Amino acid sequence: MSLPQAKLTYKAYAYKNGSSPIKIVQETIDLVKNPNGQGYIAPPGQILLKINYASLNPVDYKLYKIKPSFIGWFNPKQGFGRDFAGEVISIGQGTQTNVKVGDYAEGIYTPKTGKGSAAEYLLLDPKTSPITTKPTNIDLAEASAFPLVLGTALQLVERGGIKLANSKVLVIGAGTSVGRYVVQLARNGGAKEVVTTNSPRTADLIQSLGATSQIDYRKNPNLLQPVLESVKSSGQFDYIIDCWGGDDLFAEINTIIRKGGVYNTIVGDAPGTGLAALLGGIRSISRTIGSKLGLLNYKYELMLLDNNSGWIDQARDLIGEEKLKVFIDSIWPFDQLNDAIEKLESGRAQGKIVLEVSKPDGPTRGGPVSEYNPDPFN
Ligand SMILES: NC(=O)c1ccc[n+]([C@@H]2O[C@H](COP(=O)([O-])OP(=O)(O)OC[C@H]3O[C@@H](n4cnc5c(N)ncnc54)[C@H](OP(=O)(O)O)[C@@H]3O)[C@@H](O)[C@H]2O)c1
């Protein structure tokens, strides 16, 4: 017996290409109706979620900016947003997952040219889009705020065979959402020295997370001299974890990092978008290839988050066991995504920027959401 088809219609943010506006549109998902008349059934292998919160990442905006005009011919509704938290509405037949219908869950929606998490509903394949149950000690807004950045931080401190215990680590961009986790992981992993670059406004926070000394990137627009001073006073670095991007250190890299040390970056030689970032990316990719060929004294990788490596449960447990803190800059109403993006683009966010898509139906544990007020340029 074939079940009746149904279209789920809902509001979502979408754009045609990188030069068209990001606006609220009507989206649809083709589903089948539950035979009992109540709700929908997700297709085999997929999970249907009602989204409560979506947190924004710089990559959302970078992806939007680079999408050429022809992309709109294939899909005129390119979705916006990756991180989400919400309620599991339906799980299709044969789906391998640890979430159940009615659970609150969080994760990352990974297709880059499909829909996005800034939407009332999301249909995803858990084989490619990591999803797990919400820790009970945080609320749903906080749950949306850690998947992509914590997953990235976990991989940054693992790739290249890093062993943090007793090591000397440099964290470039410790004030970024990713960097805050890297500093906490370095401290938890037993690093003996954690040198960070951040601005004075995050100095106390970064120290409380585990930095043993700090370099003010505003006073030192080129990091080379202060980093060389650190090498002079307490020796070479074992690991450099770059969460902001830049190429200041390569002029003297063999003095700064020990032979066999690891330099992992998620941005490469030039932050931002445009030609400089493209050329910086090419240099970083060439260095990554050089490292793989054994041409460098240290290991170097320009890395992308690997969504398929099963880290989402590890991330959930670290938050659930209160080994790591979640940071939210501000929570924005659903109709103010473009203002939220402006704050994201300012490069001044103190933690994650979260979009409230819909308030949860039931109580979910956590701190008062009202404490995070949108304040565009605090
Ligand atoms: N490759 C990947 O898989 C991957 C994954 C995630 C993110 N990323 C990239 O990683 C970068 C960081 O992302 P995010 O979401 O963590 O960033 P974010 O939270 O938006 O970072 C904002 C923070 O950046 C810091 N900052 C601004 N200018 C800086 C500078 N010149 N040097 C050092 N820090 C500076 C500021 O900290 P202060 O308070 O100290 O001023 C600010 O609070 C982005 O470029 C993003 O696209 C890549």
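I began with the contacts: nine residues of domain 1 touch 12 residues of domain 2. I kept in mind that this model is predicted.

Next I looked up where the domains run. Domain 1 takes in 5–146 + 326–371, and domain 2 covers 150–302. I noted that domain 1 comes in two stretches of the chain. Going by C-alpha atoms, I found the two domain centres 31 Å apart.

Then I asked myself how much area is buried between domain 1 and domain 2. I got about 1000 Å², with 52% of that coming from carbon and sulfur atoms. I also wanted to know which three residues supply more than any other three of the area that domain 1 buries against domain 2. They are F146, F327 and Q350, and they supply 54% of that area.

I checked what sort of residues domain 1 places on the side that touches domain 2, and I wrote down three nonpolar, three polar and three charged. I searched for salt bridges across this interface and the rule gave me zero. Polar contacts do turn up between the domains: I counted three residue pairs.

My last stop was the ligand. I found 26 residues around it, and the closest are K62, S177, S199, Y217 and A349. I looked at some side chains in turn, each time taking the distance from an N or O atom of the side chain to an oxygen atom of the ligand. For K62 I read 2.8 Å, for S199 I read 2.7 Å, and for Q350 I read 3.0 Å.

How much of the ligand's accessible area does the protein cover? I noted 90% of the 950 Å² that the ligand has on its own.

Definitions and conventions: Residues numbered from 1 in each chain as written. Predicted model: local features only at pLDDT ≥ 70, side-chain atom pairs only at ≥ 80, totals over all residues. Heavy atoms only, no water. Domains from an automatic or database assignment. Contact = heavy atoms within 4.5 Å. Buried area = accessible area lost by both parts, 1.4 Å probe. Salt bridge = Lys/Arg side-chain N within 4 Å of Asp/Glu carboxyl O. Polar contact = N/O pair within 3.5 Å; in protein donor to acceptor, adjacent residues only side chain to side chain. Nonpolar A, V, L, I, M, F, W, Y, C, P; charged D, E, K, R; others polar. Near = heavy atom within 4 Å. Areas by Shrake-Rupley, 256 points an atom, 1.4 Å probe, with all protein chains shown as cover.
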